[in-house]
Amino acid sequence: MQSTVPLLPESASTLSGDVDALYFYLCGVTIFFTLLIGGAIIFFVIRYRRRNLFEIPRPIEGSTRLETLWSVIPLLIAMSFFFWGASLFYRQYRPPTNALEVYVVGKQWMWKFQHSTGQREINELHVPVRRKIKLIMTTEDVIHDVFVPAFRIKADVVPGRYTTEWFEATKPGHYHFFCAEYCGMNHSGMGGWVVVMEPTDYENWLSGNAGQGSPAAAGRGLFDSLGCASCHGANGEGGRGPALIGLFGSKVVLNNGQTLTADEGYLRESILNPQAKIVTGFGPIMPSFQGQVNEEQLLQLVAFVKSLSASKPETVSAKPPPPGAKPNTTAKPSATPGNEK
């Protein structure tokens with residue numbers, strides 16, 4: 001396709017062919033109706049032109065069948081756009097559960113990547129071919145955007161929250177990625193390369209870059225240095241905060257009766273704004289860590305909590321104090337991310 005249509009980027013992911021098919025369908029329908037309507041206008045102009053100044057056109061009563069057709073057919077075509085596009089959208093923006101996770105932090109004007117095994121990269125991302133990759137992304141400053149034309153993926157990276165996108169490369173090679181959101185003076189230079197490798201070559205690359213601690217290990221160090229274990233022992237030994245084992249991905253019951261899923265965004269909010277959502281059975285005693293940990297450290301703390309959920313229960317509302325006990329609202333606040341989450 002690239003050789004016959006030079007303006008079309010190379011197709012190198014499992015989703016790129018489906019995106020191209022929808023694109024060509026939209027183009028085909030647009031071209032067809034442009035020619036049809038243009039041809040009809042020319043035909044009517046010639047066929048029903050006034051042949052003399054005194055000619056009076058015959059009255060037209062209209063056709064219910066014709067009006068029904070030109071209403072129903074465009075509706076069906078528009079619905080095909082919607083359902084095809086919605087199906088592709090859900091496939092693109094719902095990462096698979098078995099994907100290899102990579103943490104991404106955008107910063108004027110560079111991209112920082114960290115693999116789950118600890119390897120770090122700047123403006124370059126090494127991944128294995130035929131393996132699903134999930135990017136968990138945030139930014140230290142303004143809005144950025146990760147756009148890989150060859151994979152047909154594009155997602156904003158927004159301050160104060162996590163966004164995700166995923167891909168599965170189908171062939172080895174170097175594929176250019178860009179920041180597709182204007183972010184300042186050097187926006188045009190904020191890009192890099194996705195290096196897709198055969199599995200054996202990827203393993204060799206990982207082993208050659210070994211020695212760097214994983215995000216989960218770094219998060220454990222932060223967890224200990226901030227004194228989080230005093231409230232959040234692995235099994236809730238601290239007594240003032242919920243247990244963290246099995247927390248990620250489970251259902252959490254809040255003191256207002258609301259139930260939500262403990263995902264990356266929930267953990268982030270637990271660290272930066274712990275009073276926003278308080279787990280039932282616990283008091284609002286946790287201090288905020290806004291400004292005390294940066295985006296990379298937040299990702300490391302989240303990775304540590306996720307590492308504690310290898311075998312998570314169906315529903316976790318935290319481990320509350322014994323029945324009849326009052327929430328500890330006088331205890332000294334500990335430096336604990338999400339202790340009332």
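## Reading pockets, patches and bonds

Analyst: In this predicted model, the largest pocket holds about 570 Å³ of space.

User: Which residues lie nearest the centre of the largest pocket, and how many residues line it?

Analyst: A pocket can be read through its lining, and here 22 residues make up that lining, with T97, E101, K134, F248 and K306 lying nearest the centre. The elements that each contribute two or more residues to this lining are β1 (100-107), α4 (215-225) and α6 (295-307).

User: How should I read a salt bridge, and how many does the structure hold?

Analyst: The general idea is that a side-chain nitrogen of Lys or Arg lies within 4 Å of a carboxyl oxygen of Asp or Glu, and the structure holds 14 such salt bridges. One of them is formed by the side chains of K112 and E140, at 3.1 Å from N to O. This pair links distant parts of the chain, since K112 belongs to strand β2 while E140 sits in the loop between β5 (132-139) and β6 (144-148), 28 residues apart.

User: What gathers on the surface as a patch of positive charge, and which residues make the nonpolar patch?

Analyst: Lys and Arg count as positive, and in this model R47, R49, R51 and R58 gather in a positively charged patch on the surface. Of these, R51 is found in the loop between α1 (16-47) and α2 (64-92). The nonpolar surface patch, of about 700 Å², is made by F32, L36, I37, I41, I42, V45 and I46, and I46 lies in helix α1.

User: Which residues are joined by a cis peptide bond, and where does W109 lie?

Analyst: For a peptide bond, the angle to read is omega, which is about 0° in the cis bond joining Q108 and W109; W109 lies in the loop between β1 and β2 (110-115).

User: What is the phi of N123 near?

Analyst: Phi of N123 is near 60°, a positive value in a residue other than glycine, and N123 lies in the loop between β3 (120-122) and β4 (124-128).

Key. Residues numbered from 1 in each chain as written. Predicted model: local features only at pLDDT ≥ 70, side-chain atom pairs only at ≥ 80, totals over all residues. Heavy atoms only, no water. Patch = residues over 30% accessible without salt bridge, like charges linked within 9 Å, V, L, I, M, F, W, Y side chains within 5 Å. Areas by Shrake-Rupley, 256 points an atom, 1.4 Å probe, with all protein chains shown as cover. Charge placed at Lys NZ, Arg CZ, Asp CG, Glu CD. Helix = DSSP H or I, 4+ residues; strand = E, 2+ residues; numbered from the N terminus. 1 Å grid on protein atoms, 1.4 Å probe; cavity = no way out; pocket = protein on both sides within 12 Å on 5 of 7 lines; lining within 4 Å. Points joined across faces, edges and corners; volume = space filled by probe spheres on them.
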